[in-house]
Amino acid sequence: MTHIPDDKFRVFISHKHEDHEFATTVAKSLRSVSTALECFVSGSDISAGTDWNHEIREALKRSHLLVLLFTNPTQSWDWCLYEAGLFTRLDEENVHAVVSLFHPDGSAPRVLDNLQGVPATQVELFEFLENLCKSTWRVSDDWRKGPLNSRVRPEVLQAAAAQIEVAFPAARSRAAHHPCHRLVLDLSSAIDSRDGIPDDARVVEGPGATETYTLSLFQVASGERARTWGELVAALDGADAPWRRQLDRRFVAALRGELFAPTTATLRAFALEQRHRRHYRPIIYEIIRAPASSRDGVAPSARPPLAVTIVLDPQVSPSQTPSPALNLVRIHARFKAEVFDVFSGSVVLRSGSGSDIFNEVREAFQIIYEEAERFRVFERGELEHVYGDAYKGSATQELCDDWDAKLHQLETALAARDARTVEALLDQMRELNRLSSLAATRRYLLTLETD
């Protein structure tokens, strides 16, 4: 086994990304008690573009002590416990190189019961810092050079202990209330986030994060095993669903600092009573990035994402109305709002900007046709029900036939990625949709007068 260099006493501070500010405070406090002490805080001490996993492993190999900041027991601590596991064998009976700082009213993680635990009070922190400076070999069995600072003054230790105690995040007395379902995903150990939200992103469970009620939408419950984003998506058969593709594109756009339109596709999650499914619109709510370092000069949009919060906004499920004409009016309105208002006149421009505009157009049509097929609004029998016996051979039927022909041409142009033809066809279909919408609206008004 390679011996750890003893030129400096190196401390690896393991923390969750939301506790980064507290971690830097702890590092500053530790450095204040000895000039021979050096701290590694992931996020501050890893430059953008670096292989995070490799860099963390190397930092752990060089460290004499790991300090785990166990701030909120209700959250998932798998990654921090993984770092502790890389640092030392957790199945040993006595480990003298890992310290867990925890809230005075709480306790250390159960799997770390055999390690050193320090409640975040001035008295306990003072004792830990004093041992660190004067009996260093008792705090870390990897240190071989005697005390770090045998002459450290009590007031220095007291000031450092007080600084850590004050900075320790307050315990949550009650769960935060959120009007929508929230999914919080930890991306810090995910393999790749460049093309969308990675399947191996871990679900962060607990108050203020992903609640048990939200997990029930995916027919899973909170428990000992950590869930992944890929597992939740698979529960809804959403691996290649339009809502998943739209969400991934908006996630990538957010990483680039680009503006993007809200998603139009919805997912159908399980209702609590399991008798039916409900529609939800997934929305990118927040992305947390790696903290900036004063040394790297990297733009915020280039820093890797550490976490993402997705809000699942409940939607009113479309229902079949007593009037087939009103169903038809609604479908035409969706085409106007979700296809033509979004894409008409912009396909050529957006095709040259790196956007996969062709798949976006195709998905927009697919999403609307899913509802149209559910209510059979474009079937010949349903159209004859709306327009009566005069439908066959009428101008309205010609509009429908023209629409079908243009739709076939559009599918060919989208497959060929012909931006100019797609844009021209969308303009023509927009006018057909307007005329068809007027015809359907007149028929609906006529049914109201008849009733």
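**A predicted chain and its aromatic core**

Biologist: What share of the contacts in the protein chain with a separation of 6 or more comes from residues 24 or more positions apart?
Modeller: Residues 24 or more positions apart account, among contacts (heavy atoms within 4.5 Å) with a separation of 6 or more, for a share given at the end of this answer. The model is predicted, so local features need pLDDT of at least 70 and side-chain atom pairs count only at pLDDT 80 or more, while totals for chains, interfaces and linings use all residues. Residues are numbered from 1 along each chain as its sequence is written, and side-chain values use heavy atoms, with hydrogens and water left out. The share is 66%.

Biologist: How many helices and strands does the protein chain have, and what percentage of its residues count as buried?
Modeller: Helices (DSSP H or I, at least four residues) and strands (E, at least two) are numbered from the N terminus, and the chain has 15 helices and 10 strands. Buried means under 20% relative accessible area with a 1.4 Å probe and protein chains only, exposed means over 50%, and partly exposed lies in between. Of the 451 residues, the buried percentage is 47%.

Biologist: On which residue is the kink in α10 centred?
Modeller: Helix α10 covers residues 324–343, and its 20 residues reach 28 Å from first C-alpha to last, close to the 28 Å expected at 1.5 Å a residue; the expected span is 1.5 Å times one less than the number of residues. The bend at a residue is the angle between axes fitted to the seven residues ending there and the seven starting there. In α10 there is a kink of about 30°, centred on Lys336.

Biologist: Which residues touch the most other members of the largest nonpolar core?
Modeller: A nonpolar core is a set of buried Ala, Val, Leu, Ile, Met, Phe, Trp, Tyr and Cys residues joined through side-chain atoms within 4.5 Å. The largest one has 38 residues, and those touching the most other members are Phe335, Val339, Phe365, Trp403, Leu410 and Leu426.

Biologist: Which helices each supply at least two residues of this core?
Modeller: Two of these suppliers are α12 (357–374) and α13 (380–387). The others named are α14 (395–416), α15 (419–450) and α10.

Biologist: Why does the pair of Phe335 and Tyr369 tie together parts that are apart in sequence?
Modeller: Rings of Phe, Tyr and Trp (its six-membered ring) pair if their centres lie within 6.5 Å, with planes under 30 degrees apart counted as stacked, over 60 as edge-to-face and the rest as tilted. Phe335 and Tyr369 are edge-to-face, 5.6 Å centre to centre with 65° between the planes. Phe335 has a relative accessible area of 0%, and Tyr369 has 15%. The pair ties together parts 34 residues apart because Phe335 lies in helix α10 and Tyr369 in helix α12.

Biologist: How far from centre to centre are the rings of Phe365 and Trp403?
Modeller: Both residues are buried. Phe365 lies in helix α12 and Trp403 in helix α14, so the pair ties together parts that are 38 residues apart in sequence. The pair is tilted, with 50° between the planes, and its centre-to-centre distance is 6.4 Å.

Biologist: What distance separates the C-alpha atoms of Trp243 and Thr263?
Modeller: Trp243 belongs to helix α9 (residues 242–255) and is buried, at 5% relative accessible area. Leaving aside residues up to four places away in sequence, Trp243 touches several residues, including Trp229, Leu267 and Pro282. Trp243 and Thr263 are 20 residues apart along the chain, and their C-alpha atoms are separated by 7.4 Å.
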